[in-house]
Amino acid sequence: MKLYGSFTSPFVRHCRIALLESTLDYQFIETDQASSAKLSPTKRVPFLRDEELSLTDSSSILRYIRHKSSKPFLETVIELDQFCMVNTALDSSINLFFLSRDGVDIARFDYTIRQAQRINATLAEFEQFELPLYGPFNDVQLRLGCYLSWAVFRQRINIDDYPKLKLFLAAIEKEPFFIETAPPA
């Protein structure tokens, strides 16, 4: 099994954590934008190859890893909805990150303003989640941790006004699997 991705992607990081938790044999292959554009029809990371199987989205990769290791993945519709909500905030944050990096004034356009509002509204909703301060963590919590860690590091969000999120992030960042998958400094 080969997982392709970048060390900085929060989507890839979640897959790497799931693989570490699974003890399945795998190889992580660092992949840049040019390579992912050639190797994956979605032109993004992560993507996974396991013999004849090819998966191109972190959600399907996570489901596959959990299934192969006989572990649950998003057992309830509430977990699925919360997972999708984190993905929505993550997608919006990543889009704004790349647009800003390309020089787009994100405060100037209705679309980008709406993306920023979406992020703020979901952060307020995440603050209402029941968040553990120690593991084991489920996939909603892992995805949220990967998102918060990336977005704070990239200065896409400020969680000072969200004490529960701040405590949760501090707790999950101390977990060995989180430390092991942290992007290189």
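Mentor: Start with Gln155. Gln155 is exposed, because its relative accessible area is 68%, and over 50% counts as exposed. Keep in mind that this is a predicted model. Gln155 sits in the loop between H6 and helix H7, and H7 covers residues 163-172. Now look at its backbone. Gln155 has a positive phi of about 55 degrees, although it is not a glycine. Most residues other than glycine have a negative phi.

Ser70 also deserves a look. Ser70 is not a glycine, yet it has a positive phi of about 55 degrees. Find Ser70 in the loop between helix H3 (58-68) and helix H4 (77-101). Ser70 counts as exposed, because its relative accessibility is 69%.

Go back to H6. This helix spans residues 139-153, and Ser149 lies in it. Ser149 is buried, because its relative accessible area is 12%, and buried means under 20%. What does Ser149 touch, leaving out residues up to four places away in sequence? The answer is Arg13, Leu169, Glu173 and Phe178.

Pro136 lies between helix H5 (110-126) and H6. The peptide bond from Gly135 to Pro136 is cis, with omega near 10 degrees. Most peptide bonds are trans. Another cis bond runs from Val45 to Pro46, with omega near 0 degrees. Pro46 is in the loop between helix H2 (33-39) and strand S3 (47-50).

Carry on from S3. Glu51 lies in the loop between S3 and strand S4, which covers 53-55. Glu51 is exposed, because its relative accessible area is 78%. Now compare sequence with space. Glu51 and Glu79 are 28 residues apart in sequence, and their C-alpha atoms are 30 Å apart.

Leu53 is in strand S4. Leu53 counts as partly exposed, because its relative accessibility is 30%. Which residues is Leu53 in contact with, leaving aside neighbours within four places in sequence? They are Leu48 and Tyr64. Leu53 and Asn158 are 105 residues apart along the chain, and 39 Å separates their C-alpha atoms.

Now move to Leu24. Its place is the loop between helix H1 (10-22) and strand S2 (27-30). Not counting residues up to four places away in sequence, Leu24 touches Met1, Leu19, Ile65 and Lys68. Leu24 and Leu148 are 124 residues apart in sequence, and 27 Å apart in space, C-alpha to C-alpha.

What does UniProt list for residues 1-73? An unreviewed entry there gives "domain: GST N-terminal". Over residues 1-73 the chain is 42% helix and 21% strand. The end C-alpha atoms of that stretch are 19 Å apart.

Step back to the whole chain. The secondary structure comes to 8 helices and 4 strands. From the N terminus on, the order is β-α-β-α-β-β-α-α-α-α-α-α. How is the chain packed overall? A compact globule of 185 residues would have a radius of gyration near 16 Å, and the chain has 16 Å, so the two agree. Along the principal axes, the C-alpha atoms fill a box of roughly 45 × 40 × 35 Å. Of the 185 residues, 45% count as buried. Take the contacts with a separation of 6 or more: residues 24 or more positions apart account for 65% of them.

The chain has 21 positive and 24 negative side chains. The centres of the two sets lie 5 Å apart.

Technical notes
Residues numbered from 1 in each chain as written. Predicted model: local features only at pLDDT ≥ 70, side-chain atom pairs only at ≥ 80, totals over all residues. Heavy atoms only, no water. UniProt positions renumbered as here; feature names shortened; annotations may be inferred. Helix = DSSP H or I, 4+ residues; strand = E, 2+ residues; numbered from the N terminus. Rg over C-alpha atoms; globule rule 2.2 N^0.38 Å. Buried < 20%, exposed > 50% of the residue type's maximum accessible area, 1.4 Å probe, protein only. Contact = heavy atoms within 4.5 Å. Lys, Arg positive; Asp, Glu negative; His and termini not counted. Charge placed at Lys NZ, Arg CZ, Asp CG, Glu CD.
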